[in-house]
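Me: I've got a chain open here and I'd like to talk it through. Can you take my questions in turn?

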Amino acid sequence: MSQSDTPELIEARADERFDEVRLRQYLQRRLAGADGEMSVRQFAGGKANLTYLLVFGGSAEYVLRRPPLGTYAPSAHDMGRENRVLSVLPAAFPFAPRVYHYCEDEDVIGAPFIIMERCRGVVVRAAMPEQFAMNAAAPALMSAALVDALAAFHAVDYAALGLSNLGRPEGFVRRQVEGWQRRWQAAKLDDVPYIDLICRWLEDNLPVSSAYSLVHNDYKLDNTMFDAEDPARVVAILDWDMCTLGDPLSDLGALLTYWTQPGDARAVRAIGSMPVGDFDFYSREQILQRYAERSGRDLAGIQFYHVLGIFRLLVILQQIYVRYVRGFTQDERFAELDVLVKALAVWAREVMAGR
């Protein structure tokens, strides 16, 4: 099934539904336009946080985001953090969606949630959207726009937005390495080759961070929405629940991890959630070159951040796989994530070796 055949919205999965009557009653007094009948559909994309479209009276539209079921890392799905960031960031960064309400009362739908604006555009995942398929320049235009948006985000004056205490930037990279190692141990089911080697390499090659910025913490192509008529124009950057202060190169390392290019192993291309085929997206080297030009940052130590990005992703996939194995979700997309975890460990070892 191609991306164009895959519906953006589906009926809520059986195990991911909530009490719609209770939600409607709660929102009626708190949300403009929420006084009509409410319909709920679930966004089909994404593997972690659950996202739903709420339509009131057939016209007023909002998006509801909540953490996944049975999460083992609550700090990685922090709706309160996302609310705090999106309450101020749109004033300085136009690609951040507006948020309208935050509810921390888990009795309403079973978890904290935020209500935010519905952004309209195209999200590119495993197949090239019809809107861009006949435009040979579209992949390069999207690549450039994605990198430029990241450089612009890292230039945001977070202090002016009142976000100086969003995180502790000093020691950020060390905490990342130690934190993802702990999360691996918590989600580990079996031994995976090279994991111990990767952990030792990260510890032995910690960089000295000298510049700090806001960090998205999950920056990638399919967290970006483009104008349906113009692949050079970003409409929105999504998924802000892990935003913090830290080393901006960690975002770049994550982008390299999710990015694919000709010659990548099949498993790496599957992980990337990018269109497969003869498309002229930037190479990873071109991404680095453009980011360096736009940001003025020295990228000599980017190998470390790429390995950290791969390790972080394999831990995230392992956490999702554990939720599936233990019955917290019945989403069959997660049944073979352990295979991808092992493939990522192999890839991290290759990047460590300079390949």
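Me: Which residue in E6 is the bridge partner of Val 99?
Reply: This is a predicted model, where local features need pLDDT of at least 70, side-chain atom pairs count only at pLDDT 80 or more, and totals for chains, interfaces and linings use all residues. Residues are numbered from 1 along each chain as its sequence is written, and side-chain values use heavy atoms, with hydrogens and water left out. Strand E5 (residues 99–103) pairs with E6 in the antiparallel sense over four bridges (strands are DSSP runs of E, at least two residues, helices are runs of H or I, at least four, and both are numbered from the N terminus; two strands pair if DSSP finds at least two bridges between them). In E6, the partner of Val 99 is Met 116.

Me: And which residue of E6 is the bridge partner of Val 63?
Reply: Strand E4 (residues 60–66) also pairs with E6, antiparallel, over three bridges. For Val 63 the bridge partner in E6 is Met 116.

Me: Which residues of strand E6 are buried on the two sides?
Reply: Strand E6 covers residues 113–116, and both of its faces are covered. Buried here means under 20% relative accessible area, with exposed over 50% and partly exposed in between (1.4 Å probe, protein chains only). One side has Phe 113 and Ile 115, and the other has Ile 114 and Met 116.

Me: How many residues of strand E3 are buried?
Reply: Both faces of E3 are covered, with Leu 50, Tyr 52, Leu 54 and Phe 56 on one side and Thr 51, Leu 53 and Val 55 on the other. For this strand (residues 50–56), the buried count is seven of seven.

Me: Is Met 274 buried or exposed?
Reply: Met 274 sits in the loop between helix H8 (266–272) and helix H9 (284–295). Leaving out residues up to four places away in sequence, Met 274 touches Arg 125, Ala 126, Leu 221, Tyr 258, Trp 259, Thr 260 and Phe 281 (contact means heavy atoms within 4.5 Å). Because its relative accessibility is 3%, Met 274 counts as buried.

Me: At what angle do the axes of H10 and H11 cross?
Reply: Axes are lines fitted to C-alpha atoms, for helices over the stretch in contact, and angles run from 0 to 180 degrees between N-to-C directions. The axes of H10 (residues 302–325) and H11 (residues 337–352) come within 9 Å. They cross at roughly 170 degrees.
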